[in-house]
Amino acid sequence: MKKALYFMPDISGFTNFVNNTEVEHSIHIIAELLEILLDSTVLDLELVEIEGDALFMFTTTIPEYSNLMEQTNRMLEAFHKHTVNYDKMRICDCGSCRTTTNLELKFLVHYGDLSYIKVKHIVKPYGRDVIQIHRLLKNKITTNEYILFTNSVFELYKKQMDNSWQRETGIYDAKVLDYFYKNLEQVRNAIVLKASLTTSQNEDFSTPVLVLEKIFNASIHSIYSYLSELKYRHLWDKNIKRVEFNESKINRVGTEHNCVLSLGNLKFKTITAPSEEDLVYGEKTANMMFTKNYSYLVKLHKIDETSTQVVLNVYLDFTTVGTMMRPSILNMIRKMWEEKLTQLHQVSKNNIQL
């Protein structure tokens, strides 16, 4: 019978969220991370299926020990570079987005028989060895990030394995199974440390040319959701016909989207500004007529559970012609934003859905 090396990267660390936004964002975050793991594959691994937060893969070409460890390190580095970068670029404050850096990755590796089951047109590995690697997802290992070898994998690589590997024993289906694991937490620690030493690049804002301040009778999180979730934009911005954006990605700093207007369109990029007390969302574009650059920031400050201070700051860098038309342009922008904020207040207060 053919033999195969079964390889399973498994993500863990999300709390069970109940908020609709948190659930939706956790799905997007996990999907991005699984794509990154697949893109980091250097071995001849075949994907069997995606199992929740894990990838179930196998290869019939048994790799060298060094190549197998390189595979895990590449995946782990790409995984944590993404979560750290996501945290630096995120604009959302929901539980899923806020705890992305808590996500962890472990690897399970098993060597055994390769047999298949076919159900209609679907063919995939099946049998005792497939069950065994899944059983070992629950084990006695207290380390958060590790690679686990079953005893059969240990027999393949024991001459190359050093004393950093530890042995454990568990009972599965009334049978005693030995397995070996290696702590991989140092990879994450090194990436987090490097990120902490890197200075974040924030937008350089001059004095705003327009400031509008309102009090909304709505919760800060409701307002921020309608403001920052591009799928809700049409509910309060009546100047646009539709917004074109990547619906499989969560909006974050640098996200680009296209606002289709009655005449033409405007391409925006998401921005924010650091704040310890407020939620801040903004966008910028270089496509607005009579301006070199146009950007805005909306700062939300919580007054109480149902009241929020909303402050809009608009920044403009006029062209030569735009400077001559400055008063009329500012009047137009003021009127436009008065209408937008009125609509935003209504939808967030009434919790209007799609």
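**Entry 1: a hairpin**

I began with a definition: a strand here is a DSSP run of E of at least two residues, numbered from the N terminus. I also noted that this is a predicted model.

Where does Lys 120 sit? I found Lys 120 in the loop between strand E5 (116–119) and strand E6 (122–125). E5 and E6 pair in the antiparallel sense over four bridges. I looked up one of these bridges and saw that Val 119 has Ile 122 in E6 as its partner. The hairpin of E5 and E6 has two residues between the strands. Lys 120 is not a glycine, yet its phi is positive, about 55°. I then asked: is Lys 120 buried or exposed? Lys 120 is exposed, with a relative accessible area of 75%.

**Entry 2: another positive phi**

I turned to Phe 290, in the loop between E14 and E15. Phi of Phe 290 is near 70°, again a positive value in a residue other than glycine. Phe 290 has a relative accessible area of 29%, which means it is partly exposed.

**Entry 3: the sheet beside that loop**

What is the strand order of the seven-stranded open sheet? I wrote it down as E10-E16-E15-E14-E13-E12-E11, with antiparallel pairing. Strand E10 (210–216) and strand E11 (240–244) each have a single partner strand, so one side of each has no neighbour in the sheet. I reminded myself that strands of a sheet pair through backbone hydrogen bonds. On average, neighbouring strands of this sheet are turned by 20° against each other, direction ignored.

Strand E13 (residues 265–271) and strand E14 (residues 279–285) are antiparallel, with three bridges. Lys 269 stands opposite Lys 284 in E14.

Next I checked which helices lie across these strands. Helix H7 (residues 220–228) lies across E10, E14, strand E15 (291–304) and strand E16 (307–318), and runs at about 15° to E14. Helix H10 (residues 326–350) lies across E10, E15 and E16, and its angle to E10 is about 15°.

**Entry 4: the largest nonpolar core**

Which residues touch the most other members of the largest nonpolar core? I found Ile 11 and Phe 149, out of 40 residues in this core. Several elements supply at least two core residues each, among them strand E1 (3–12), helix H1 (20–39), helix H2 (65–89) and strand E7 (146–150). H2 gives the most, with eight residues.

I followed Ile 11 and set aside its neighbours within four places in sequence. Its contacts then include Ile 30, Leu 33, Leu 34 and Leu 37, as well as Phe 79 and Leu 105. I also noted a second, separate core of 38 residues, which includes Ile 223, Leu 227, Phe 268 and Val 347.

**Entry 5: H1 against H2**

How do H1 and H2 cross? Their axes come within 9 Å and cross at roughly 145°. I noted the crossing as right-handed.

I listed the residues where the helices meet. H1 brings Ile 29, Glu 32, Leu 33, Ile 36 and Leu 37. H2 brings Met 75, Ala 78, Phe 79, His 82, Thr 83 and Tyr 86. By class, I have eight nonpolar, two polar and one charged residues in this contact.

Technical notes:
Residues are numbered from 1 along each chain as its sequence is written. This is a predicted model: local features need pLDDT of at least 70, side-chain atom pairs count only at pLDDT 80 or more; totals for chains, interfaces and linings use all residues. Side-chain values use heavy atoms; hydrogens and water are left out. A nonpolar core is a set of buried Ala, Val, Leu, Ile, Met, Phe, Trp, Tyr and Cys residues joined through side-chain atoms within 4.5 Å. Buried means under 20% relative accessible area, exposed over 50%, partly exposed in between (1.4 Å probe, protein chains only). Contact means heavy atoms within 4.5 Å. Two strands pair if DSSP finds at least two bridges between them. Axes are lines fitted to C-alpha atoms, for helices over the stretch in contact, and angles run from 0 to 180 degrees between N-to-C directions. A crossing is left-handed if the near helix is turned anticlockwise from the far one by less than a right angle, and right-handed if clockwise. Ala, Val, Leu, Ile, Met, Phe, Trp, Tyr, Cys and Pro count as nonpolar, Asp, Glu, Lys and Arg as charged, and the others, Gly among them, as polar.
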